[in-house]
Amino acid sequence: MGILNDDAVLIEPGKISGDPTVVTVNCPDESGLGSTLCRIILEFGLSITRADFSTDGRWCYIVFWVTPDISSPKIDWDSLKNRLLSACPSCLGSFYFCLQSNVSKPPSLYLLKFFCRDRKGLLHDVTKVLTELEFTIQRVKVMTTPDGRVLDMFFITDAMDLLHTKQRQTKTCDHLTAVLGEHGVSCELELAGPELESVQRFSSLPPLAADELFGPDGFDISGSSSNKAVLTVDNQLSPAHTLLQIRCVDQKGLFYDILRTSKDCDVHIAYGRFSSKVKGYRNLELFVRGTDGNKILDPKHQANFCARLKEEMVCPLRVIIVNRGPDTELLVANPVELSGKGRPRVFYDVTLALKSLGICIFSAEIGRHSTLDRQWEVYRFLLDESREFPLASLRARNQVVDRVTKTLMGW
């Protein structure tokens, strides 16, 4: 087979301004690799406009056409290439074996703690810095004091695995200090200790809120789902694969949602084509097989997989506003992959939406909630009242939910 070099991942900029960048991955295959690559692309604030995917079970060839999100104009393409290379199977050579070994072990968890004067948009500005530095926010605890100061505690992991170095720590604090400016008071960074246990958990969701988010009647983020996703299963066209044809509304992270769901359902994609959107809709063709390497012929298996896939396409995230005593709380939930990872950039997008509305966040938490069939990541934001958005008003609440939803879905 031969040992590959860094040509395993090629990144070709568009020929003219506005053209998508073409990312090509040509490497040994492994289960769930497509989902992992899509996740990394999403973490960098990129949208997949088209994709072609093929594999014989041992080797895969994937082409992504990507464009930056409006909120992420600056992309570190060299860093993206390194991250994609590190996700490729380890037989790509000794250098990439080293990278793979670093990312296969659980990343070290660090506590970033800073105390400063509050201002509108502060939480998103800090989140933006952490995202640009390629940190993943695992947990967060934000508290506002009566005198208008905030104590923010971010539990983060470093995708570059360099946060143990003095240079990386200094760079992080310098970037945060530049953002906080005269509002900053202190900034500390250290390995997370036992206090994590008291921060990563929050009180149980109120029963009414849990029913609204995860109730048996389902949750449709965009209205009636009847016209949002259409799935057709064909076992006649291919002698070795089941053809799954999908037509659905376009949204941020769509290809990632489809691949992660297939991975979690043990459905293997041998060939896939993710076409450009037409009038807001996407068409996909996936040639798939079950874990036994054969077509998916069992009607029950087909129905369960299609139902799960449709649910994830129609409603990958859930957004509501509830009362928490005298306060107003925004809740955002997304399903957790079987690998234990939550959806990328949710905290970034929610804080961006609230900043654009001029709404201050009194406190914020991230935690997990389990239902009968899966685990969810739940983001909780206590919102401050303002003249522009009197949160007792149903109209204002609907406007907040609408803006947050559209930001998360890329609409």
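This is a predicted model: local features need pLDDT of at least 70, side-chain atom pairs count only at pLDDT 80 or more; totals for chains, interfaces and linings use all residues.

User: Why is the pair of Phe255 and Phe274 called stacked?

Analyst: The structure holds eight aromatic pairs. Rings of Phe, Tyr and Trp (its six-membered ring) pair if their centres lie within 6.5 Å; planes under 30 degrees apart count as stacked, over 60 as edge-to-face and the rest as tilted. The centres of Phe255 and Phe274 are 4.9 Å apart and the planes stand at 15 degrees, so this pair is stacked.

User: What makes this pair a tie between separate parts of the chain?

Analyst: Helices (H or I, at least four residues) and strands (E, at least two) are DSSP runs, numbered from the N terminus. Phe255 belongs to helix α8 (residues 254-264) and Phe274 to strand β11 (residues 268-274), so the pair ties together parts 19 residues apart in sequence.

User: Are Phe255 and Phe274 buried or exposed, and how do you know?

Analyst: Buried means under 20% relative accessible area, exposed over 50%, partly exposed in between (1.4 Å probe, protein chains only). Phe255, at 3% relative accessibility, counts as buried, and Phe274 is buried at 2%.

User: Why is the pair of Phe347 and Tyr379 called tilted?

Analyst: The ring centres of Phe347 and Tyr379 are 6.3 Å apart and the planes are at 35 degrees, so the pair is tilted. Phe347 lies in helix α10 (residues 346-357) and Tyr379 in strand β16 (residues 375-383), 32 residues apart. Both Phe347 and Tyr379 are buried. They also belong to one aromatic cluster, together with Phe114, Phe154 and Phe381.

User: How do you know that the charged end of Arg50 sits over the ring of Trp65?

Analyst: A charge sits over a ring if NZ of Lys or CZ of Arg is within 6 Å of the ring centre and within 35 degrees of the ring normal. The charged end of Arg50 is 3.8 Å from the centre of the Trp65 ring and sits over it. Arg247 lies over the face of Tyr281, at 4.2 Å from the ring centre.

User: What makes β3 and β11 a pair of strands?

Analyst: Two strands pair if DSSP finds at least two bridges between them. Strand β3 (residues 46-55) and β11 have four bridges, in the antiparallel sense; Asp52 has Arg273 of β11 as its bridge partner. Six bridges join β11 to strand β12 (residues 281-289), also antiparallel, and Tyr271 is partnered there by Phe287.

User: Why are β1 and β9 called edge strands?

Analyst: The open sheet has eight strands in the order β1-β2-β4-β3-β11-β12-β10-β9, with antiparallel pairing. β1 (9-12) and β9 (229-234) each pair on one side only.

User: What makes α10 oblique to α11?

Analyst: Axes are lines fitted to C-alpha atoms, for helices over the stretch in contact, and angles run from 0 to 180 degrees between N-to-C directions. Angles under 35 degrees count as roughly parallel, over 145 as roughly antiparallel, 65 to 115 as roughly perpendicular and the rest as oblique. α10 and helix α11 (residues 394-409) pack at about 135 degrees, with their axes 9 Å apart. That angle makes α10 oblique to α11.

How values were computed: Residues are numbered from 1 along each chain as its sequence is written. Side-chain values use heavy atoms; hydrogens and water are left out.
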